[in-house]
Amino acid sequence: MASRPRIGVYICHCGTNIAATVDVEAVTEFAKNLPGVVIARHYTYMCSEPGQALIKEDARKLGLNRVVVASCSPRMHEPTFRAASQEGGVNPYQFEMANIREQCSWVHHDRDEATAKAKALVVAAVAKAARLEPLEDREVGVTPGAVVIGGGVAGMVAALDVAEAGFPAYIVEKSDHLGGHVADLNRTFPDLEPVAEWLPGLIERVQSHPNITVFLNAQVARVEGYVGNFEVTVSGSKVSGSGLGEPGTHSLQVGAIIVATGYKVFDPHRKPEFGYGLYPQVITTLEMERRLAEGDLAVDGKEPEHVVFIKCVGSRDKQLGNPYCSRVCCMISAKQAQLVRQALPDTRVTVFYIDVRTFGKRGEEFYDEARRSGVRYRRGNVSEIYRRGDRVVVRVEDTFLRRTLEVEADLVVLAVGMEARQDTDEIATLLKLPRSADGFFLEAHPKLRPVDTAMDGVFLAGCCQGPKDIPDTIAQARAAAASALIPLLRGTVPVISETAVVDPELCAGCGMCVEVCPFGAPALDPLWGVSRVNAVLCKGCGACAVTCPSKAIQVRHFRPDQILAQVDVLVE
Amino acid sequence: MASAKPAALVIGAGIAGIQAALDLADAGFPVYLVEREPSVGGRMSQLDKTFPTLDCSSCILTPKMVDVGQHPNIELMTYSEVVAVEGEVGSFHVTIKKKPRYVEEDLCKGCGACAEACRMHGRVIDTFNQGLGKRAAIYVPFPQAVPLVYTIDPNACIYLTRGVCGKTFKCKDACPADAINFDQKEQFVEVDVAAIIVATGFDLIDPRTKPEFGYGVYPNVLTGLEFERLSSASGPTAGKILLNGKEPKDVVFIHCVGSRDPHTGVPYCSRICCMYTAKHAHLVRDKLPDARITVFYIDMRAFGKGYEEFYDRVKHEGVIYRRGEPSEVFKRGDKLVVRADDTLLRRTVEVEADLVVLATAVVPRADTEAVARLLGLERTPDGFFKEAHPKHCPVESTRPGVFLAGCCQGPKDIPDTVAQGKAAAAAAMGVLHQAMGNG
């Protein structure tokens, strides 16, 4: 069945990324003499259109049946070159990549040694390519609909986009109401618009949308399946026209999952030096939001003469394990400081900051307005807050004046930052999502895939991925909806072809593969007493293949003979 | 594009427009992607590395560029401009002008023989390289261009400007594919679309508006984008930081050049300069381990994911951050001197430099007003396109069915641009779904 190999080998310069360290011409000459190689070439950028055209034209003219490209990491361009091979008439799974950039030119300095290593990587790739079998691309159907975990602004906006495109959306909200943290806000920066003017309308649109089902007091209990076909078990109460239903368990069949679980407000008790909880004069920005809404800024029945805001409480603080910026506190402080000046024109307002980060649209202008309204900005690190009579004293190192100051205040507002929620771990385990060092969920790529995750079909919206203000949250939520809508609108998703396969003659039915598989793909056939792999669930990770004591399981495209062929030529 | 589904128009093929077009096309909708320049890629294709992961910009961008060039649902129209838009959400009628490349797109193989032969070879300012290099009158902007088709610069070509180019066309003679055609004329294409995504990007302020920094006077005062090309492996120095063939020993970076400055008409923060300067400082440290590197800043705005951590890393690499606004750059002997008021030391300091890099403000594109009129869009006081609501409608424009993606709505870094590009695609998917009669 295996055709006689006719291999084309292509060495990429990657501009100077490879060619400056590796003698690409020497590698090409070397490759020409390897067994099965019909042609070897080198080119400036193999990923560019003319680079790909070389593969396609050679494949057709010379009747290639295997292609090897020596360039960068397959994570980047394997799909590109597989597609080019296919267009040239070569089965895309009879393509092999040698990584001579990340694993060679970028990490070595000596040109001779780097060239020798590049040759070794190429000879190994050629040896494997010769043994590659053709595989078929596979697709499975998609269950229309999406589950959105979290009913804050991010979750609601994402659900609306899914629903507007004609698909059912299920919102699973932990609390007893929609709206999330934004429901606790009074007015939003920079237009000081009351939240009450738009949030209820958004909630109403969600609740009345025929394609949206809301579950309150609800949690995701279990997630099974894979992109295109998830089964999500929800425990909670379904909202219907007649109100909140009885608590129960609901099984939802969907094609995609959007995680919009939000954030946790930093607990200022963890900065005991600020006396939060000890002194009634020390409150958080969230508590200030309520006071501003109620128009009650009095402390002990008296209007404050001096209100102090302290920024970066729980943010940019390595000792607390939160080295990151929470992105919204500068603007929230500027907003609240202005509102205090408006409500109490005789009250002094001081903001202590490290850097003012008012970067959003109209943010800088808003910061200017705050200063013009009489808010005093002082650069300084607050070291402690203590009581003096009816007032509190803020002890601060003014980094401009370069001395320590003591400032008396009647009300101190701590601009508390954002943290990953405590239940991030549970959700991460349920959905098999990785997290970044800051505790938030990790996106698939920090630059170009900000809402995708390592799990196909699971997407991130809003602050569960990292701190964000409302417009950035909404943009990201709609971005997550776009990613979720792609499989729903297409109706099919590709699934990998490099799956595990069991040889029933060798299988002893021990079940070790069933235990070790993270995706629930293998199961013991009760009739024959041997393992069988569900090829739709299998991700080709190979855990079963290395566990199997009787070597009955092999992963297509990574068979022992294919890998050992690489090892053999390398040790020769 | 045989699909019977309603189509979308995406204007601008930088990373915002590319992402929006790919999402719509992957979802099965036909997309017309219109780009004014000869290649897709936009600003991101000019960058060297990207913060905070230091991914090579073109390495992560190229696959997406190739995808838009090959996607069966995308009709890519480069070197083209939208000239008229009529109708309303669900049924826009759009006229697109295809400018003459004087090269047949389906014949050109991108071999470059024409550029080698061109009489203007090495004599035309290379705008892709921010003027740091020279190219021919017939060119591709960069080696990974999509489509990889040569274009004749009508302002530089001797024949097109003077009506004669020697006895014979060197480029035509050199072309093995017979692709060069000086008879090409403008073409107008009309298309019907249900939704429009505007992703026209941004400009950078001309640093001559701050004459005290000596840009244009001293050749070793560069903009951030010029530094990107200088540092890029595919740039004019192949990635070596060289000025007149020499490595700089003292490098000074200046933040907020134009930004946060009501006098320049840019009162807002440009949102990306703090981080790309931190990246530049790191690249200098990486390539010139002994260089003295100073960054002047007002407020350090490292607000994105992993950004504060990157800033911290750069400080630990021995980059000196000084809080203060430089007042002038002048020459003393062989060196430049940056004079600044250090607001933490509370005194004026002078720092010597062989290279000064200005982090210039992100500003609306020069033709924003004309594009706004063409599309019937409003603008915010900062000049960028106005979103339907600053808080809860960040991607809808003020015209139904027209959505905003990327920096044409305001400055943004790459992840925020990608997210907004996708968000605009999601919004357009809703409109396209309604247009299928499913409303």
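Which residue stands opposite A:Ser240 in E12(A)? The answer is given in the second legend, and all views are taken from a predicted model.

**View 1. Strands E10 and E11 of chain A form an antiparallel pair.** Strand E10 of chain A covers residues 212-226, and strand E11 of chain A covers residues 229-240. Nine bridges connect E10(A) with E11(A). Within this pairing, A:Phe230 of E11(A) is the residue that faces A:Gly225. The hairpin of E10(A) and E11(A) has two residues between the strands, and A:Gly228 adopts a positive phi near 95° there.

**View 2. E11(A) also pairs with strand E12 of chain A in the antiparallel sense.** Strand E12 of chain A spans residues 243-244 and is held to E11(A) by two bridges. The residue opposite A:Ser240 is A:Gly243 in E12(A). Two residues lie between E11(A) and E12(A) in the hairpin that these strands form.

**View 3. Strand E13 of chain A runs antiparallel to E11(A).** Strand E13 comprises residues 248-254 of chain A, and seven bridges join this strand to E11(A). A:Gly236 has A:Gly248 of E13(A) as its bridge partner.

**View 4. Four strands of chain A make up an open sheet with parallel pairing.** The strand order is E2-E1-E3-E4 (chain A). Strand E2 (37-43) and strand E4 (95-99) of chain A each have a single partner strand, so one side of each is left without a neighbour in the sheet. From one strand to the next, the twist averages 15°. Strand E3 of chain A, residues 66-71, is joined to E4(A) by five bridges and runs parallel to E4(A). In this pair, A:Asn99 of E4(A) lies opposite A:Ser71. Helix H1 of chain A, residues 24-32, lies across strand E1 (7-12) and E2 of chain A, and runs at about 170° to E2(A).

**View 5. Domain 1 and domain 2 of chain B share an interface that buries about 980 Å².** The domain assignment places 8-99 + 186-201 + 365-438 of chain B in domain 1, 113-174 in domain 2 and 205-362 in domain 3. The centres of domain 1 and domain 2 of chain B, taken over C-alpha atoms, are 29 Å apart. Contact involves 14 residues of domain 1 of chain B and 13 residues of domain 2 of chain B. Carbon and sulfur atoms account for 62% of the area buried between domain 1 and domain 2 of chain B. Helix H2 of chain B (residues 57-70) contributes five residues, the largest share of the side of domain 1 of chain B that touches domain 2 of chain B.

**View 6. Chain B and chain A bury about 6300 Å² between them.** The contact brings together 80 residues of chain B and 72 residues of chain A, and 56% of the buried area is on carbon and sulfur atoms. In chain B, the residues that lose the most area to chain A are B:Phe303, B:Lys305 and B:Lys391, together 13% of what that side buries. Ten salt bridges are counted between chain B and chain A. A:Glu364 and B:Arg260 form a salt bridge in which the closest N and O atoms are 2.7 Å apart. The interface of chain B and chain A also has 33 residue pairs in polar contact. H10(B) gives the most to the side of chain B that touches chain A, supplying 14 residues.

Terms used: Residues are numbered from 1 along each chain as its sequence is written. Chains are lettered from A and ligands numbered from 1 in the order in which they are written. This is a predicted model: local features need pLDDT of at least 70, side-chain atom pairs count only at pLDDT 80 or more; totals for chains, interfaces and linings use all residues. Side-chain values use heavy atoms; hydrogens and water are left out. Two strands pair if DSSP finds at least two bridges between them. Axes are lines fitted to C-alpha atoms, for helices over the stretch in contact, and angles run from 0 to 180 degrees between N-to-C directions. Contact means heavy atoms within 4.5 Å. Domain bounds come from an automatic or database domain assignment. Buried area is the accessible area (1.4 Å probe) that two parts lose on being put together, summed over both. A salt bridge is a side-chain nitrogen of Lys or Arg within 4 Å of a carboxyl oxygen of Asp or Glu. A polar contact is a pair of N or O atoms within 3.5 Å; within protein, one must be able to donate a hydrogen and the other to accept it, and residues adjacent in sequence count only if both atoms are side-chain atoms.
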